[in-house]
Amino acid sequence: MSDLNLKTIAELRDGFRAGEFSAREIAESFNAAVEAGRPLNAYTVETPEDALACAEAADAARQSGDLKPLSGIPLGIKDLFATEGVDSTSGSNILRGFKPPYESTVSANLRRAGAGMLGKLNMDEFAMGSSNETSAYGPVISPWKRNDGGNAALTPGGSSGGSAAAVAAGMAPGVTGTDTGGSIRQPAAFTGITGIKPTYGRCSRWGIVAFASSLDQAGPMARDVRDCAILLEQMAGFDHRDATSLELPVPQWEAGLSSDLKGKRIGIPKEYRIDGVPDEINALWDRGIEWLKDAGAEPVEISLPHTRYALPTYYIIAPAEASSNLARYDGVRYGLREEPQGGNLDAMYAATRAAGFGAEVKRRIMIGTYVLSAGFYDAYFTKAQRVRALIKRDFREAFAQCDLILTPTAPSAAFGLKEKMSDPLAMYLNDVFAVPASLAGLPAMSVPGGLDSQGLPLGLHLIGNELDEQGVLNAGLAIEERAGFTARAERWW
């Protein structure tokens, strides 16, 4: 592994601009890492030529003094984002081979900022999963291993598992992820990196394959808080093609970074002390509280009384929206088509969807269709929307007492592949701390805080009020500086 693969985006940007190395050297180093890291299955498509072409443009721009914010920085793009002329399949057989004739707004924004693309990143099929085991391309393997000497493969989390593994393994300095109910934050925690889900509407959803439209949000994943701020500045912005996009200026989040939290109140929700959570998780949470106190913040106990209903609410609303969104995959317009001999149109629909969708996607479509059916709509979907409104109200009332909220990111460290695939409910519980912020559309971030007794990363979770990404980033920086997390997942290399 080259030293360049261990640098942050900020270090690569500043070193490139200072002439310490060329953009081509950066691109070649990460292209080599992508190739060497194939056993992890983090990438579904590799685009080394794209990374080199953008590097050549960056080197030329440095000579002319016409550099862009991300000139010389190659990134990985989650397979949920449409990338013009490059396979964009959402980790599903039903879209295998689909090459969109257009570019998603977020990836287009990154390209305009000068970034190159290393490839497309593996993910749970249609972003439905918490372990990156539902992908049609096979599971992603975490670069981390337990310190007990065993060789059991671990999950990098999901659905942005390929994104998380790529950053943790030095196969990309930064990546895009998407978060519907924790799919940026949980993988970040499992792999010892940083990831932020911004306020719903900060980043355009145009060109991102839809899972649950009222929840889906793009965000960056990278080695540290500053890198997330750098990427988010370029990803965010108003887009008239997305009706939910916020027509607001993009703040200068990197310039506003400060770990001084004097005068800030940090809410500690009593409902997040959940039975069955390992003592190590609660111990890290307590250390996080002390770190924020050391940064000048005041911890205050708050109540989020409807937290216990968040997970069942999410698993009604998200599948309902998914069943509607995924109805478009029928074999008629694009993607896979299965035509049974002698079959009619309905037979073609059924055969295509049976062959194209995996088990978890089918499960969620069936759940969603059920809760939207005439006899159960009010009993399930309408009631879930009412509970969602109560969860949003809980957060509004909490933020009258505090500025930020601190919780654990996930109820455990990374678990083994296949360990929970046979128990969907156990898998869904991975999102217990992340889902409430998603239902409320709030900015939230995971920052690595330490290792458990088996040498695996654990994350701390910060939730901010609407549009307060700066507050979340600043508190994340305060934790980052005090946690001193320097562990690297390099043993696989």
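At the start of helix H10, a side-chain oxygen of Asn-344 comes to within 3.2 Å of the backbone nitrogen of Asp-346. Keep in mind that this is a predicted model.

**Two helices**

H10 itself covers residues 345-356. Its 12 residues should span 16 Å at 1.5 Å a residue, and the end C-alpha atoms do sit 16 Å apart, so the two values agree. Which residues of H10 are buried? They are Met-348, Thr-352 and Gly-356. Looking down the axis of H10, these buried residues fall within an arc of 40°, so they line one face of the helix.

Helix H15 (residues 469-483) is another one to look at. From first to last C-alpha, its 15 residues reach 21 Å, close to the 21 Å expected at 1.5 Å a residue. Here 11 of the 15 residues are buried, so H15 is largely enclosed by the rest of the structure. The buried set runs from Glu-469 to Ile-479 and includes Val-472, Leu-473, Asn-474 and Leu-477.

The loop between strand E3 (116-121) and helix H5 (161-168) holds Ser-159, and a cis peptide bond joins Gly-158 to Ser-159, with omega at about 5°. Asn-132 is found in the loop between E3 and H5 too. Asn-132 isn't a glycine, yet its phi is positive, at about 55°.

Lys-418 also has a positive phi without being a glycine, near 75° in this case. You'll find Lys-418 in the loop between strand E9 (404-408) and helix H13 (424-428).

Then there's Glu-103, in the loop between strand E2 (74-78) and helix H4 (105-112). How far apart are Glu-103 and Glu-84 in sequence and in space? They are 19 residues apart along the chain, but 4.9 Å apart from C-alpha to C-alpha.

**A patch on the surface**

Tyr-370, Phe-376 and Tyr-380 make a nonpolar surface patch of about 270 Å². Of these, Tyr-380 belongs to helix H12 (residues 377-398).

**Buried or exposed?**

Buried means under 20% relative accessible area, exposed means over 50%, and partly exposed is in between.

| Residue | Relative accessible area | Class |
|---|---|---|
| Asn-132 | 0% | buried |
| Glu-103 | 13% | buried |
| Tyr-380 | 33% | partly exposed |
| Lys-418 | 72% | exposed |

Note on methods
Residues are numbered from 1 along each chain as its sequence is written. This is a predicted model: local features need pLDDT of at least 70, side-chain atom pairs count only at pLDDT 80 or more; totals for chains, interfaces and linings use all residues. Side-chain values use heavy atoms; hydrogens and water are left out. Patches are made of residues with over 30% relative accessible area and no salt bridge: like charges are joined within 9 Å, nonpolar side chains (Val, Leu, Ile, Met, Phe, Trp, Tyr) within 5 Å. Accessible areas come from the Shrake-Rupley method with a 1.4 Å probe; for residues, only the protein chains shown count as cover. A salt bridge is a side-chain nitrogen of Lys or Arg within 4 Å of a carboxyl oxygen of Asp or Glu. Helices (H or I, at least four residues) and strands (E, at least two) are DSSP runs, numbered from the N terminus. Buried means under 20% relative accessible area, exposed over 50%, partly exposed in between (1.4 Å probe, protein chains only). The expected span of a helix is 1.5 Å times one less than its number of residues. The arc is that of the directions from the helix axis to the C-beta atoms. A polar contact is a pair of N or O atoms within 3.5 Å; within protein, one must be able to donate a hydrogen and the other to accept it, and residues adjacent in sequence count only if both atoms are side-chain atoms.
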